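Hello,

Here is the structure we talked about handing over. My notes on it follow below.

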Amino acid sequence: MFFLLAAIAVQTQAEDVKFDLVTDASSLKAGDVLIIGCSSKNKVAGSLGSSILSSYDATDFFSGSTVSIPDNALSEISVFTLGGSAGAWTLTTSNGALGATAVKKVAWGSGTTTWSISISNGLATIQNGTSSYGKFLYNVGSPRFTTYTSGASTSMLLPELYRKQSATPQTVATPTFSPAEGTFTKAQSVTISCETEGATIHYTTDGTTPDAQSNEYSSAITVSETTTIKAIAIKDGVSSEVASATYTIEIPKTMTSIAISGTPTTTTYTVGEAFSTDGLSVIATYSDNSN
């Protein structure tokens with residue numbers, strides 16, 4: 001008896017590739033994997049053809065600030081690897097570096113292939129190194145992504161940049177303060193630290209919540225009056241929880257001078273003897289200029 005064994009192929013569904021919205025241009029670094037999108041229209045930049053990047057329908061891909069691209073759709077989308085450095089970035093795919101050869105004309109490996117990138121409110125200004133070639137906009141009327149010199153409008157939208165998630169989501173440790181918050185009788189020198197190597201600390205002293213645009217911590221902060229310091233740490237676009245510490249400064253007053261005027265009832269005293277202030281005006285001045 002012979003048995004015919006049929007090979008059964010088991011197909012496993014590939015997981016979607018997730019990209020997160022980039023909100024801070026300073027978090028960009030060479031090696032980041034990026035896509036260009038327009039969430040308000042549910043579009044991402046597709047393949048290059050006729051000097052423009054096509055508009056790929058991603059209606060089912062957007063969820064909040066994340067775009068989940070099915071594995072079988074990646075070949076139809078322009079997925080860039082960021083190279084260079086700030087002010088002269090390159091956007092490269094397997095076809096070459098994306099360049100601009102003129103207004104409304106982009107190409108692989110020709111023209112000016114460097115770009116500056118700034119981000120405000122999640123919207124990216126991706127400006128070609130030759131300024132007269134313009135910046136990337138999404139054309140609503142003729143759906144496409146390419147360079148224009150016109151300003152953004154309801155029909156010409158600034159795009160967004162989305163960065164591929166790392167295999168293990170990164171977390172950033174919450175900053176710590178030294179000394180710890182409390183009440184003090186003299187000015188304090190406060191240091192802020194973070195256990196996450198390479199994280200940048202930003203802080204505020206006016207009660208507002210810090211972000212990437214807040215003061216960057218570089219040295220100890222002198223606190224000479226009651227102050228609340230808030231701080232976050234940021235690495236590769238990932239922010240820590242906000243840390244907060246309140247330092248209450250209560251410096252004891254000391255008498256700096258005393259002024260006496262008038263005619264005392266008694267004019268002779270022994271050393272250390274208390275005297276009556278009847279008929280006198282006594283004004284003491286303290287270190288905080290109060291009386």
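A residue is called buried under 20% relative accessible area, exposed over 50% and partly exposed in between, with a 1.4 Å probe and protein chains only. By that scale Phe80 is buried, with a relative accessible area of 1%.

The model is predicted, so local features need pLDDT of at least 70 and side-chain atom pairs pLDDT 80 or more, while totals for chains, interfaces and linings use all residues. Residues are numbered from 1 along each chain as its sequence is written, and side-chain values use heavy atoms, leaving out hydrogens and water.

Now the aromatic rings. Rings of Phe, Tyr and Trp (its six-membered ring) pair if their centres lie within 6.5 Å; planes under 30 degrees apart are stacked, over 60 edge-to-face and the rest tilted. The whole structure holds seven such pairs. In one of them, Phe80 and Trp108 have ring centres 6.3 Å apart and planes at 50°, so the pair is tilted. It links distant parts of the chain, 28 residues apart: Phe80 sits in strand S7 (residues 80-85) and Trp108 in strand S10 (residues 105-108). Strands here are DSSP runs (E, at least two residues), numbered from the N terminus.

Trp115 and Phe136 also form a tilted pair, with centres 5.4 Å apart and planes at 40°. Trp115 belongs to strand S11 (residues 115-120) and Phe136 to strand S13 (residues 135-139), 21 residues apart. Both Trp115 and Phe136 are buried.

Best wishes

Key:
Helices (H or I, at least four residues) and strands (E, at least two) are DSSP runs, numbered from the N terminus.
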